[in-house]
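Here is a short briefing on one structure. Keep the sequence and the model open while reading.

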Amino acid sequence: MTHPDIYSDIKNLAPQIAYFSMEIGLRVDIPTYSGGLGVLAGDTIKAAADHELPFVAITLLYREGYFKQHLSEKGEQSEEPVRWNPDDLLIELDQITITVEIGSSQIALRPWLYIVEGCDGGQVPVFFLDSDLPENSPQERHLTAQLYGGDRRYRLSQEIILGIGGLRLLSALKIRNILNFHLNEGHAALLTLELLKRYQRDIEETWDPDQVWDFERVRNHCVFTTHTPVPAGHDRFDYQLVEELLGDYIPLSVLKRFAGHHDLNLTTLALNLCRHTNAVSKCHRDVSTLMFPDHHIKAVTNGVHSTSWTNAEFQNLYDHYLPGWRRDNFLLRNAIAIPDDELFAAHQSAKQRLLHHIKEKTGTILDPEILTIGFARRATPYKRATLLFSQPDRLRHITQYYGPLQLVLAGKAHPHDEPGKQLIKDIFRTREQLSDLIKIVYLENYDMELGKLITGGVDLWLNTPTRPLEASGTSGMKAAHNGVPNFSILDGWWIEGWIEGKTGWAIGPPPTGPQVDHESNLLDADDLHEKLEKEIIPIYYNKRPIWIEIMRQAISFNASFFNTYRMLMEYYMNVYSFDPPTRVALGIRENRH
Ligand SMILES: *Cc1c(COP(=O)(O)O)cnc(C)c1O
């Protein structure tokens with residue numbers, strides 16, 4: 001793309017919040033995201049643009065994306081790089097090069113810019129850092145190529161680029177008035193070290209080596225969102241590797257004090273050097289509090305960007321019945337007044353679109369009159385994609401005697417997640433076993449576009465994670481925006497959104513504590529089948545007006561609340577805001593405007 005005069009524009013935006021995220025999913029053709037974390041980041045940025053909030057966002061330019069998924073006849077996953085040309089969509093800021101030191105090398109980095117436009121002309125700049133420059137060695141050029149690729153060294157290098165490089169980029173752009181650095185997950189935590197160095201006091205000023213580091217000032221400017229209770233989601237590195245890559249960037253003694261004694265734990269670093277930490281649902285807050293008992297953790301339950309995740313049919317309905325809903329998502333509560341026939345017709349039209357796509361891609365013809373259950377998630381054991389197939393004979397019995405079902409699934413396994421890959425193969429095997437009675441479709445390459453098509457085109461959205469490992473989940477919120485009720489384990493956001501028989505249905509009991517509930521497979525599967533038999537299938541086929549009422553309530557009670565408009569308001573009130581002493585310490589004047 002050509003190069004407009006963006007510098008003055010960005011200065012005019014005067015960002016106060018710098019949002020750092022290892023992955024950002026803004027649109028399907030910018031494949032710099034893998035799943036929920038990136039989509040949430042993208043949705044947050046879009047909401048900030050809608051409301052003209054002073055945001056700037058930073059991530060990396062993954063030229064190979066996450067990966068493109070192929071599945072063989074037997075469900076064996078293979079991966080290939082995503083082909084895309086950043087030049088088509090982003091602006092390369094070729095006058096700007098910044099450097100970070102990794103080991104003994106100076107890595108040159110170039111920012112690329114994408115401007116997110118809000119519904120009323122607001123703009124949020126998003127910067128993608130790229131190491132693919134001629135001044136770097138071939139290995140260094142590859143450092144920003146893959147999201148979640150490579151080994152520990154590769155990951156730590158990327159986190160140096162994001163945290164330290166990202167902060168240097170803001171300086172190079174002369175963006176100076178950032179009040180809050182928002183660490184979206186611990187990946188960006190190294191930015192706190194760059195801030196520590198920036199705020200370092202002269203030894204002549206203090207005469208106390210301990211006082212040289214102004215931890216309080218760093219803490220006052222940083223906030224942290226933790227996204228998962230799964231241990232693998234919290235990055236840790238051997239200090240040996242840290243010393244190799246960071247050298248004497250910051251004294252090891254200082255690092256160990258804040259980032260852990262045994263290894264460098266980015267979550268620990270973020271918890272210690274941010275003034276606020278929040279989890280992504282109330283249940284996740286309680287679990288995180290037990291994981292990190294020395295820290296006060298708040299809850300800001302996730303949301304989705306309503307306009308992005310509402311399909312064309314429902315957008316038309318809302319434009320007609322709820323004018324203004326794109327900016328003020330709270331208006332979605334008035335969906336309660338949308339007439340039955342229009343609501344159901346909109347849904348059937350979206351369902352036909354999904355079924356058409358399935359026919360094109362797989363040759364399988366699904367029936368628009370059959371209750372269609374959707375399930376799309378990362379294929380990894382704790383998401384329990386196979387719970388629904390754990391009693392195939394019972395599923396047969398249900399379809400024969402209560403009413404027919406058909407299933408639409410999708411999801412990628414991380415390239416190194418062998419148990420996750422096995423799950424997909426297991427599902428393919430079950431599909432064969434049940435093929436005489438139940439049509440099961442597994443769509444390849446789950447991405448934002450497919451996510452929108454499936455969440456808006458099925459009749460019921462299923463989620464079966466192992467309690468309490470689903471921190472929030474957001475795909476169920478997308479379903480609710482399209483009048484699709486949830487049928488889910490009580491975990492994450494669903495504990496807050498669930499009203500039994502009104503917005504959807506629960507599977508099994510709520511979590512009882514932070515311990516992982518490995519024993520519940522049988523009980524949860526029983527409850528799942530029981531509810532399908534006794535409630536869901538009979539209502540869908542025999543009490544259509546009640547079904548439509550539940551669809552409508554999913555919009556009114558779930559979509560009107562689980563959106564990024566409400567979420568960002570909570571961030572402003574509970575996370576980004578400063579208490580009076582901090583305002584004084586930071587020299588923030590009361591009436592800034
Ligand atoms: C929304 C979305 C997710 C997150 O959904 P979960 O409910 O957390 O599983 C993941 N991947 C894609 C492509 C999405 O659109």
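**Briefing**

S281 sits in the loop that runs between β13 (276–279) and α12 (282–291). Helices (H or I, at least four residues) and strands (E, at least two) are DSSP runs, numbered from the N terminus. This is a predicted model, in which local features need pLDDT of at least 70, side-chain atom pairs count only at pLDDT 80 or more, and totals for chains, interfaces and linings use all residues. Residues are numbered from 1 along each chain as its sequence is written, and side-chain values use heavy atoms, with hydrogens and water left out.

**S281**

- S281 is buried, at a relative accessible area of 0%. Buried means under 20% relative accessible area, exposed over 50%, and partly exposed in between (1.4 Å probe, protein chains only).
- The S281 side chain reaches the backbone nitrogen of H284 at 3.0 Å.
- Beyond its neighbours within four places in sequence, S281 is in contact (heavy atoms within 4.5 Å) with A299, V300, T301, A471, S472, G492, W493 and E496.

**Two further buried residues**

- Y571 belongs to helix α23 (residues 564–576). Its relative accessible area is 3%, so Y571 counts as buried.
- Leaving out residues up to four places away in sequence, Y571 touches H182, T225, N278, V300, Y576 and S577.
- Between Y571 and E205 there are 366 residues in sequence and 36 Å in space, C-alpha to C-alpha.
- H481 is part of helix α19 (residues 475–481). H481 is buried, with a relative accessible area of 0%.
- Residues touched by H481, not counting those up to four places away in sequence, include V304, W309, F314, Y318, L332 and F562.

**Helix α5**

- Helix α5 spans residues 152–172, 21 residues in total. From first C-alpha to last it reaches 29 Å, close to the 30 Å expected at 1.5 Å a residue. The expected span is 1.5 Å times one less than the number of residues.
- A kink of about 35° in α5 is centred on G165. The bend at a residue is the angle between axes fitted to the seven residues ending there and the seven starting there.
- α5 is mostly covered, with 17 of its 21 residues buried.
- D151 caps the N-terminal end of α5, with a side-chain oxygen 3.3 Å from the backbone nitrogen of R153.
- K174 follows α5 and has a positive phi, near 60°.

**Pocket and cavity**

- On a 1 Å grid over the protein atoms alone, a cavity is a set of points where a 1.4 Å probe fits but cannot get out; a pocket is an open set with protein on both sides within 12 Å along at least five of seven lines; lining residues have an atom within 4 Å of a point.
- The second largest pocket holds about 830 Å³ of space. Its lining has 34 residues, and K68, Q69, E444, N445 and Y446 lie nearest its centre.
- Elements that give two or more residues to this lining are β3 (68–71), α15 (340–362), α17 (418–434), β17 (439–443) and α18 (448–457). β3 gives the most, with 4 residues.
- The whole structure has 2 cavities of 30 Å³ or more. The largest cavity has a volume of about 60 Å³.
- Residues lining the largest cavity are F375, R377, R378, A379, A385, L409, A410, I424, I427 and Y442. β16 (405–410) and α17 are the elements that give two or more residues to that lining.

Definitions and conventions: Polar contact = N/O pair within 3.5 Å; in protein donor to acceptor, adjacent residues only side chain to side chain. Points joined across faces, edges and corners; volume = space filled by probe spheres on them.
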